[in-house]
Amino acid sequence: MDLLTSEIVNLFTSSLTCNRYRTLASHDSCPDPVARPVIAIPALDLRGGACVQLAAGSYDEEVIRIPDPVGVAVAWRQYGFRHLHIVDLDAVAGRGNNGPEIQAILGVTDVEVQVGGGIRNRESIERFLNDGAQRVVIGTRALEDPDWLLEVSTDFPGCIVVAADVRDRKILSHGWTRTHPKLVLDLVEDLNGLPLAGVLVTAVHREEAMRGTDLPLMEDVAEAAEFPVFASGGLGSIGDLRALADRGVAAAVIGMGLYSGAMDPWAVAEEFSE
């Protein structure tokens, strides 16, 4: 266990004795998506009831495992972050889900939460929003069923984020096992006009080392999109966040960069929490 992970564990352990945070509002009060300075969003990936970080390029090899995801969520809030990105890795892989853990997190934190991972039906969207999530992140079905995406984005305006995992500007799906012929900028053009909360673009080809995301890609997506762009993949420094802000990106989802200690969470939250 590295130093930052130990600090997170200590922080969330002590926080369990604190007062619980209020429950968030339901989807009836979803805000309209608006442009704003880049916001840093810690990722909370769930597998088997634990918070994990995976080895680069793998859906199976864990390099960090923290057994209390609720405590981790509370810890990120105490660092000063005001947003959280939850991914249910078991749901992505079709190996069950972490629904109880997600519901528990939504019940104890006052941050804005977006939830994703294996969401392919309207019922799941409505359940997460009713439980307190501000946004729901949809990947595979959003890419493969545009009529359905039009329906749910219209019914839940400002609450749907489309996830696009990208390698060499081509879109991947089904846990990075399939490559779509469509390029990400073509996808963005198709999505423009929908009342989305945003698009989450993960530069999969930059995940292996925390040496910065694909800035030309993110800049092109931000210029093409009529909605906020969330960037992910390869983020490892505050400089990366500043570079994304300069290119019009609205938010950055950060995983290993925070969990490994490569990025100081106090400093990141102070500059990029809102």
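Modeller: Arg82 counts as partly exposed at 41% relative accessibility (partly exposed lies between buried, under 20% relative accessible area, and exposed, over 50%, with a 1.4 Å probe and protein chains only). Its salt-bridge partner is Glu274, with 3.7 Å between the closest N and O atoms; a salt bridge here is a side-chain nitrogen of Lys or Arg within 4 Å of a carboxyl oxygen of Asp or Glu. Arg82 sits in the loop between α2 (69-79) and β4 (83-88) and Glu274 in the segment after α12 (265-272), so the pair ties together parts 192 residues apart in sequence. Helices (H or I, at least four residues) and strands (E, at least two) are DSSP runs, numbered from the N terminus. Glu274 is partly exposed too, with a relative accessible area of 45%.

Bear in mind that this is a predicted model, where local features need pLDDT of at least 70, side-chain atom pairs count only at pLDDT 80 or more, and totals for chains, interfaces and linings use all residues. Residues are numbered from 1 along each chain as its sequence is written, and side-chain values use heavy atoms, leaving out hydrogens and water.

The structure holds 12 salt bridges. Among them, Asp155 and Arg122 meet at 2.6 Å, N to O. Finally, Arg47, Glu62 and Arg65 are linked in a network of salt bridges.
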